[in-house]
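Hello,

Here is the structure I said I would pass on. My notes on it follow below.

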Amino acid sequence: MDTAISLNKVTHTYQANTPFAQNAIDNVTLQISKGSFTTIIGHTGSGKSTLVQHINALLKPTEGHLEVLGRVIDPNTTNKNLKAFRKHVGMVFQFPEKQLFEETVLKDIMFGPKNYGVNDGEAKKSAFNAMELVGLDKALADKSPFDLSGGQMRRVAIAGVLAMNPEILILDEPTAGLDPRGHQEIMDLARYLNKNKQMTIVLITHQMDDVIDYATNVIVMDKGKVVKVGSPAQVFSDPKWVYGMQLDLPSSAEFAQQLKKAGVNIGQLPLTIDALADRIVRLVGKGDTK
Amino acid sequence: MSNFIFGRYLPGHSWIHQMSPQSKLLLSFYFVIIIFFANNLISYGILSILILIVILLSGISIMYFLKGIRPLIWLIIFTVLLQILFSSGGRVLWHFGPFSVTNESLINGGFIFMRFLLIIMISTVLTLTTTPLAIADGVQTILKPLKKVKFPVDTLALMLSIALRFVPTLMDEMETIMNAQRARGVDFGSGSLKHRVKAAVPLLVPLFTGAINHAENLSTAMEARGFSDSEHRTKYRQYRWQVKDTISWLFFLAIGAVVIFIRK
Amino acid sequence: MKDIVQVDKISYNYPDQPLLFDQLSLDVHEGEWLAIIGQNGSGKSTLARLIDGLIVLNEGHITVDGLQVNDQNIYNVRSKIGIVFQNPEDQFVGATVEDDVAFGLENQLFDRSKMHDIVEESLKSVGMWDFRERIPANLSGGQKQRVAIAGIIALSPKIIILDEATSMLDPRGRKEILELVQRLKNENHLTVISITHDIDEAAGADRVVILNHGEIIDENTPRGIFSHPDKLRQIGLDAPYTSKLLAALSKRGVSDEKSYMNDEELIAWIQQLVSTK
């Protein structure tokens with residue numbers, strides 16, 4: 001698979017040359033493939049947000065360089081060149097509804113494409129497409145975004161990013177504070193964009209079940225360093241290590257752990273409900289229960 | 001992550017840290033007045049030694065104080081140059097058109113520079129050794145006599161303390177919103193003035209909306225915690241006048257007397 | 001059992017909006033943990049605000065510990081209730097941890113000499129004493145919520161309302177806050193009303209009420225509620241993990257007459273199945 005994003009020994013120091021200097025990410029080298037659904041996990045303050053902000057050049061490395069869709073960014077890249085770079089990388093921040101500002105939903109969604117030089121007609125078309133993708137009713141287009149519910153506002157914000165037709169979409173805990181239905185709808189949207197629109201998805205999350213249900217690749221961060229990269233199965237294979245990273249196991253693995261403790265020989269940790277159920281059925285002997 | 005250091009307060013337990021905020025506030029004010037009485041080399045020398053002692057007593061690296069000058073450096077240079085080039089009197093050393101440099105203007109320029117330096121130093125000592133909260137409390141204590149004329153001193157102090165408390169929150173939010181709009185193709189800080197003003201809208205509207213939301217939620221939370229009127233509350237913190245304050249004042253008053261005495 | 005909160009046929013609507021509650025009634029028993037669940041916009045948080053008198057009813061009555069919620073009693077009512085709100089940032093009034101805990105005490109005109117002991121005790125009970133000089137910008141969301149809880153405990157209320165108090169925290173912070181509230185509830189004989197859409201939070205409750213579009217559509221023990229996972233899904237909520245696993249097992253022909261089990265019960269049952277194979 002082609003590489004969409006590659007970081008080469010990237011270090012970012014906040015407030016370099018001051019007594020408060022702090023390495024937010026430290027000598028990070030990694031690759032993210034085109035069309036992958038990659039999650040970044042790690043406890044609060046491990047450097048996840050700093051890492052993804054490099055991917056669309058909101059931060060420049062203080063050392064090392066990165067290459068995104070063939071464009072290189074290093075500490076000497078001038079700010080003028082960043083806009084072209086960002087065009088292809090959409091970024092949905094935590095609580096993105098906070099970025100809304102226009103008078104109407106439609107105008108807010110058109111804001112991004114127009115900044116990148118798309119004409120009014122095209123921008124409008126993209127905006128309506130994006131609204132459809134995130135499940136916003138067309139009738140809301142002329143409403144003020146500030147009159148909508150919290151969940152709807154978040155969709156407007158996400159639509160505003162999607163309207164730019166990015167090739168890479170970064171989502172920083174996009175479901176924080178949503179109810180279960182809202183959560184699932186946003187996650188399903190990410191999957192749809194990945195599968196049907198061939199978008200490369202990079203998702204920061206604290207929900208290990210989402211890692212299992214949606215991701216193809218996992219990057220684990222701790223204290224500014226990448227400490228593990230692999231498939232969900234590889235990353236969660238060692239519960240002790242996972243706990244040591246101050247992370248949780250996915251629900252099914254956690255439940256299997258408890259079964260193990262109770263003396264049920266469950267074998268290798270299952271990651272999904274179906275895997276766990278299959279394992280139990282095999283142990284019980286199918287169908288011979290009351 | 002916020003790279004903003006709140007009020008630039010540095011925790012510590014030095015003599016200066018331990019002084020009561022109201023006394024520090026008034027003493028800084030008094031010091032600034034004394035600076036304007038100083039008009040010769042010796043008096044500036046005495047004040048410089050005084051501020052040096054204060055800095056040493058604060059136990060804070062001198063680097064922080066020098067950093068305090070940086071944002072004002074252009075203002076200082078401009079004012080000092082103005083003084084040097086346009087003041088008259090004394091022996092002319094150099095002149096060109098309306099500009100002239102005399103020995104007196106050089107000395108005056110030096111004094112202006114010293115005034116800036118001393119004022120920046122004393123206010124930096126104040127903010128580095130006093131939490132914003134303590135400053136708010138100090139203001140409250142100083143303004144207490146105004147309560148007699150029904151001036152809402154406590155409300156003012158509470159508002160000030162809440163405003164200060166939300167500064168880092170809003171700075172963080174500003175950074176996030178700027179990043180979010182940058183990701184949507186906004187260029188902050190470049191282009192024509194018109195372009196810059198236009199770019200401020202996507203930043204300011206969300207920032208204000210957010211601030212209003214904070215304010216609404218905060219007022220609900222305050223009400224739920226039994227808040228009704230800030231003029232009728234007890235106080236958790238009390239900053240008592242201490243021996244340290246008295247000693248400092250006596251010392252500063254003596255220096256002040258000397259500066260006025262040797263005034264030319 | 002005594003009812004500590006009685007909501008009696010209340011009606012309420014926000015200005016220029018249709019009726020949210022129409023003749024809603026609900027009793028909260030003294031000493032119970034009541035979970036009110038429902039999706040965003042179902043009226044859960046509004047109900048909490050009405051109970052605390054933060055917004056005013058159109059019709060009906062609410063009584064808290066024998067006092068009717070009205071203008072005269074409002075400060076007495078609020079002194080009996082502590083609310084932990086959703087956004088950790090927006091309920092931190094003080095400039096530091098210590099000052100924030102003291103805020104409620106200052107409002108209730110506590111003597112300064114007593115305040116310091118109460119602040120210390122409350123901060124220690126939530127494990128935040130070592131952080132007393134911190135400013136909010138240097139605390140995590142979970143830590144801020146702990147401070148909020150300390151501020152409530154300081155006023156020794158009878159009722160704690162968790163208004164989506166854990167929804168902005170990560171799973172670990174969420175778990176820690178719930179364990180903390182559970183411990184404080186036992187130590188201080190509190191009544192807890194937790195407003196949530198987190199099904200795991202509801203699982204730990206004594207009683208669950210489902211609110212949908214301003215109406216109570218079900219009320220039962222967690223076990224009773226979770227026995228109908230489809231119903232939960234219909235109103236936009238998730239089923240607890242054990243229900244999902246039970247469903248997956250029953251699809252594979254392994255089933256039990258019990259329609260819901262908690263973690264321990266399910267483990268015991270599977271253990272038994274495996275050993276009697």
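Between chain A and chain C there are 3 salt bridges; this is a predicted model, so treat the contacts as computed from it. In one salt bridge, C:R252 meets A:D274, with 3.1 Å from N to O.

On the side of chain A that touches chain C, the elements giving two or more residues are α6 (180–196), α10 (251–261) and α11 (273–284). Of these, α11(A) provides the largest share, 10 residues. Sorted by class, that side of chain A has 16 nonpolar, 10 polar and 8 charged residues.

In terms of contacts, 34 residues of chain A touch 35 residues of chain C. The two chains bury about 3,000 Å² between them, and carbon and sulfur atoms carry 60% of it. Three residues, A:R181, A:F255 and A:I273, supply 18% of the area that chain A buries against chain C, more than any other three.

Chain B also meets chain C. Here 28 residues of chain B are in contact with 36 residues of chain C, and the area buried is about 3,000 Å², with 53% from carbon and sulfur atoms. On the chain B side, B:R165, B:R225 and B:Y236 lose the most area to chain C, together 32% of what that side buries.

The salt bridges between chain B and chain C number 6. Among them is the one from B:R237 to C:E98, whose closest N and O atoms are 3.7 Å apart. Helices α8 (153–183) and α9 (193–224) of chain B each supply at least two residues of the side that touches chain C, and α9(B) gives the largest share, 9 residues. By class, that side of chain B has 12 nonpolar, 10 polar and 6 charged residues.

As for chain C itself, an unreviewed UniProt entry places the feature "domain: ABC transporter" at residues 5–238. In the model, that span is 37% helix and 24% strand, and its end C-alpha atoms lie 28 Å apart.

One last item concerns aromatic rings. Over all chains, a search finds 9 aromatic pairs. One of them is A:F101 with A:F111, edge-to-face, at 4.7 Å centre to centre and 80 degrees between the planes. A:F101 sits in the loop between β6 (89–92) and α3 (105–115) of chain A, while A:F111 is in helix α3 of chain A, 10 residues apart.

Regards

Methods: Residues are numbered from 1 along each chain as its sequence is written. Chains are lettered from A and ligands numbered from 1 in the order in which they are written. This is a predicted model: local features need pLDDT of at least 70, side-chain atom pairs count only at pLDDT 80 or more; totals for chains, interfaces and linings use all residues. Side-chain values use heavy atoms; hydrogens and water are left out. UniProt positions are given in the numbering used here, feature names are shortened, and annotations may be inferred rather than shown by experiment. Helices (H or I, at least four residues) and strands (E, at least two) are DSSP runs, numbered from the N terminus. Contact means heavy atoms within 4.5 Å. Buried area is the accessible area (1.4 Å probe) that two parts lose on being put together, summed over both. A salt bridge is a side-chain nitrogen of Lys or Arg within 4 Å of a carboxyl oxygen of Asp or Glu. Ala, Val, Leu, Ile, Met, Phe, Trp, Tyr, Cys and Pro count as nonpolar, Asp, Glu, Lys and Arg as charged, and the others, Gly among them, as polar. Rings of Phe, Tyr and Trp (its six-membered ring) pair if their centres lie within 6.5 Å; planes under 30 degrees apart count as stacked, over 60 as edge-to-face and the rest as tilted.
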